[in-house]
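Please open the model in your viewer and keep the sequence panel beside it. The stops below tell you what to select and what to look for there.

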Amino acid sequence: MGDVSNEDIVRIATDFLLNAPPGEFMEVVTDVRALLPNESLLNASALSTFREYNTEQMVQVTSPGNKHQVLISKVGEVSDGEYLDPRGRQVVQYDHIKQEVTGSRPLSGELDADVEPFRAAFDQEASRYVDEHYSPNGATGVYGKKEGGNYVITVCISSSKFNPNNYWNGRWRSIWTATFKPGGQVQLQGSLKVNVHYYEDGNVQLNTQTTRSASVAGNGNAPDLAKEVMKNIIKLEQGLHASLDTSYNTMGDTTFKALRRALPITRAKIDWNKIRTYKLGQEMGK
């Protein structure tokens with residue numbers, strides 16, 4: 001490794017790990033360890049790195065004692081290794097190194113009683129949307145709190161599809177934050193990320209990250225407000241799907257075509273008949 005310090009090695013290795021494609025994290029861990037002069041270099045930072053990756057990717061786990069999925073996300077993090085499961089009325093305990101649920105405990109004041117009717121209404125509408133459009137690979141987590149006198153509802157959506165036998169994996173992630181006072185206008189902000197990795201006879205990745213926003217008319221009725229906000233979320237997400245489809249359909253005539261030189265560097269078309277004549281003349285002169 002030359003003059004590279006152990007700290008630099010750990011930083012570079014951690015960057016590789018945090019950028020691992022969805023569904024391939026442990027494979028990248030194995031490969032990175034094999035490249036290190038001493039694989040124990042990662043031991044000290046392993047927990048924080050695994051935690052950062054899992055929460056950023058919003059990995060899905062099954063709720064203990066239930067059938068629904070829980071997201072291991074930064075928004076739902078209660079403490080190191082503990083994540084809110086509002087629908088299951090519990091806190092899920094997760095081991096980032098072993099990549100598995102280790103237990104759960106009852107809620108103890110993590111949900112705000114004033115915000116809960118709105119959070120529950122959003123949860124119902126978001127679950128319906130995910131079941132219709134992302135099933136069976138998607139999951140949602142809906143969280144609520146008060147912030148600066150406002151109600152803040154955060155809807156997280158994560159959907160993964162892994163197909164290593166055919167050399168591709170992918171994940172959709174979106175986080176929507178609705179900020180409002182009961183009865184007042186809702187400010188909706190969204191962050192959307194798409195990552196797809198295709199690696200049969202090559203290595204191609206799609207990494208898309210974008211933001212969306214909207215304003216929604218206020219409504220003091222929680223179920224009605226949740227329906228209206230989710231209509232906007234659905235419209236904005238479908239807009240991204242449509243724009244990606246359009247990009248792929250036109251990519252052959254735009255992006256890929258731009259990668260090819262229309263003319264050689266001489267700015268003149270090649271006269272292949274003349275080249276063939278030259279070649280014949282050279283052969284006859286031998």
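**Stop one: N169**

Select N169 and show its contacts (heavy atoms within 4.5 Å): leaving aside neighbours within four places in sequence, N169 is in contact with P22, E24, K161, F162, N163, P164, N195, V196, H197 and Y199. The model is predicted, so local features need pLDDT of at least 70 and side-chain atom pairs count only at pLDDT 80 or more, while totals for chains, interfaces and linings use all residues. Residues are numbered from 1 along each chain as its sequence is written, and side-chain values use heavy atoms, with hydrogens and water left out.

N169 sits in strand β9 (residues 168-180), where strands are DSSP runs of E, at least two residues, numbered from the N terminus. N169 is buried, with a relative accessible area of 2%; buried means under 20%, with a 1.4 Å probe and protein chains only. The side chains of N169 and Y199 are joined by a polar contact of 3.3 Å, that is, a pair of N or O atoms within 3.5 Å, one able to donate a hydrogen and the other to accept it, where residues adjacent in sequence count only if both atoms are side-chain atoms.

Conventions
Helix = DSSP H or I, 4+ residues; strand = E, 2+ residues; numbered from the N terminus. Buried < 20%, exposed > 50% of the residue type's maximum accessible area, 1.4 Å probe, protein only.
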